[in-house]
Amino acid sequence: MDTVVESRRTESALANKGKYRRPSQAEAEAAVRTLIEWAGDNPDREGLAGTPERVVRAYEEFFAGYNEDPVAVLATTFEETAEYDEMIVLRDIRLESHCEHHLVPILGKAHIGYLPAGRVVGISKLARLVEVFAKRMQIQEALTSQIADTIQDVLKPRGVGVVIEAAHQCMTTRGIRKPNVSMVTSRMLGSFREDRTTRQEFLSVIGGQRNVSHES
Ligand SMILES: [Zn+2]
């Protein structure tokens, strides 16, 4: 498949060519123990005894997206669409990710729109696609682009728009502590980028006169 839709894990796996060895569960639990001690608590006290194991299991959920192929998620398309050629928008998709700088949650919403060119995909697949990329270590900008680029590469629509608005706990609960700040990112491709009317239609459907500028 196109390089643009390769996951970053694939890239790093390629970079390491065979050198990657997944640590064992015991090694991962030992690492959590170390972090507990580093934070200043006693990993052997009763309340923390099962914590390394629980954290490792939580990591499996938080980062389940590394085990899934985003292209495969969009593999089933429908071509009998009665020539439907208007914009399809899925808005307010719950987004749960983790920032790759601090490994703390990024929580928000994703909105996806596209103008089909003969092929459409079930809307649950779009939500699934968001999840595959969100359940990885991310920055919001890359997450936004990966979703849009994959839709563009696989469905080959006339245009795609992806807008994500999210709060980053690395900003809200630590660092500069700005609790009400959310970050908005967007990626517009094809007609969403080139045609102002299309872009405006998308932005008004997803609910806003938000002033979303598209990245170049
Ligand atoms: Zn962060």
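Select Ala 31 to begin; this residue sits in helix 2 (residues 25-39), where helices are DSSP runs of H or I with at least four residues, strands are runs of E with at least two, and both are numbered from the N terminus. The model is predicted: local features need pLDDT of at least 70, side-chain atom pairs count only at pLDDT 80 or more, and totals for chains, interfaces and linings use all residues. Residues are numbered from 1 along each chain as its sequence is written.

Ala 31 is partly exposed, because 13 other C-beta atoms lie within 10 Å; buried takes 20 or more such atoms, exposed 12 or fewer, and partly exposed falls in between, with C-beta atoms placed from the backbone.

Next, select helix 5 (residues 123-134). Its twelve residues reach 17 Å from first C-alpha to last, close to the 16 Å expected at 1.5 Å a residue, a span taken as 1.5 Å times one less than the number of residues. Colour its buried residues: Leu 126, Leu 129, Val 130, Glu 131, Val 132, Phe 133 and Ala 134. Their cover includes helix 4 (70-73), strand 3 (105-115) and helix 6.

Move to Asp 92 in strand 2 (residues 88-99). Its phi is positive, about 60°, although Asp 92 is not a glycine. Asp 92 counts as exposed because it has 12 C-beta neighbours inside 10 Å.

Finish at Lys 156, in the loop between helix 6 (140-155) and strand 6 (159-168). Lys 156, also not a glycine, has a positive phi of about 50°.

Definitions and conventions
Contact = placed C-beta atoms within 7 Å.
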